[in-house]
Amino acid sequence: VDITMPGLNGLELIRLLRQRYPRLAVIVLTIHDQSEYFLEAVKAGAQGYVLKDVDPSGIGEAIRAVARGETFYPERFLPRLAAEYRRLAADEGAGAPRGGAFPYGLTQRERQILVCLASGMTNARIASTLSISEKTVKNHLTNLFRKLGVEDRTQAVLLAVKERLVEVE
């Protein structure tokens with residue numbers, strides 16, 4: 001799969017495939033070399049992540065590795081993956097919900113974005129605040145709206161306030 005696809009984006013497709021076919025191995029083949037996309041793909045369940053500019057033999061190597069039950073990730077993303085693991089472990093130790101299990105199945109990042117929405121931030125401001133791209137913000141918003149069962153930002157904030165998912169000052 002690719003990250004950006006028409007209709008259902010790649011991250012949503014990975015989640016859907018892994019839910020319906022838990023033993024299915026998924027490899028992302030993409031132009032997105034930002035670690036944020038990589039981390040979201042791993043969280044969604046991708047066992048491989050290959051950039052489209054890789055030598056064709058690299059694609060075969062990824063397929064063989066994932067078929068053996070291994071992971072195949074670009075080496076340059078491994079320090080970020082380790083840092084994310086350490087951050088999640090620290091969050092769990094500090095009493096945060098285990099594995100990001102917030103109400104409605106929201107991830108830690110989706111909850112952060114929801115808090116930003118409730119504060120009235122634009123996509124550009126959210127991206128700047130969280131050090132991610134606006135495209136990544138839009139992808140998170142799509143997932144957030146789906147999980148909350150709403151159609152837009154206003155409905156998301158109203159539900160979040162009503163359900164006490166965020167505090168508004």
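**View 1. Ser131 lies in the loop between helix H6 (123–130) and H7.** Helices here are DSSP runs of H or I with at least four residues, and strands are DSSP runs of E with at least two, both numbered from the N terminus. The model is a predicted one, in which local features need pLDDT of at least 70 and side-chain atom pairs count only at pLDDT 80 or more, whereas totals for chains, interfaces and linings use all residues. Residues are numbered from 1 along each chain as its sequence is written, and side-chain values use heavy atoms, with hydrogens and water left out. With a relative accessible area of 65%, Ser131 is exposed, where exposed stands for over 50% relative accessible area, buried for under 20% and partly exposed for the range in between (1.4 Å probe, protein chains only). The phi of Ser131 is near 55°, a positive value in a residue other than glycine.

View 2. Of the 169 residues, 41% count as buried, and the accessible surface, computed by the Shrake-Rupley method with a 1.4 Å probe, comes to about 9,900 Å², of which 53% belongs to carbon and sulfur atoms. Among contacts (heavy atoms within 4.5 Å) between residues at least 6 apart in sequence, 54% join residues at least 24 apart.

**View 3. Helix H2 (residues 35–44) is mostly covered, with eight of its 10 residues buried.** The buried residues of H2 include Tyr37, Phe38, Leu39 and Ala41, and also Ser35, Glu36 and Glu40. Ala44, which is found in H2, counts as buried at 9% relative accessibility. Leaving aside residues up to four places away in sequence, Ala44 touches Leu11, Ile14, Arg15 and Arg18. Val26 is 18 residues from Ala44 in sequence, and their C-alpha atoms are 9.8 Å apart in space. Just after H2, Gly45 takes a positive phi of about 120°.

**View 4. The axes of H2 and helix H7 (residues 134–148) come within 10 Å and cross at roughly 25°.** H2 is therefore roughly parallel to H7, since angles under 35 degrees count as roughly parallel, over 145 as roughly antiparallel, 65 to 115 as roughly perpendicular and the rest as oblique. The axes are lines fitted to C-alpha atoms, for helices over the stretch in contact, and the angles run from 0 to 180 degrees between N-to-C directions. The contact is made by Glu36, Tyr37 and Glu40 of H2 and by Lys135, Thr136, Asn139 and His140 of H7. By class, this contact of H2 with H7 has one nonpolar, three polar and three charged residues, where Ala, Val, Leu, Ile, Met, Phe, Trp, Tyr, Cys and Pro count as nonpolar, Asp, Glu, Lys and Arg as charged, and the others, Gly among them, as polar.

**View 5. Helix H5 (residues 108–118) and helix H8 (residues 153–162) pack at an angle of about 100°, with their axes 9 Å apart.** H5 and H8 are therefore roughly perpendicular to each other. On the H5 side the contact is made by Leu114, Leu117 and Ala118, and on the H8 side by Arg153, Ala156, Val157 and Ala160. By class, the contact of H5 with H8 has six nonpolar residues, no polar ones and one charged residue.
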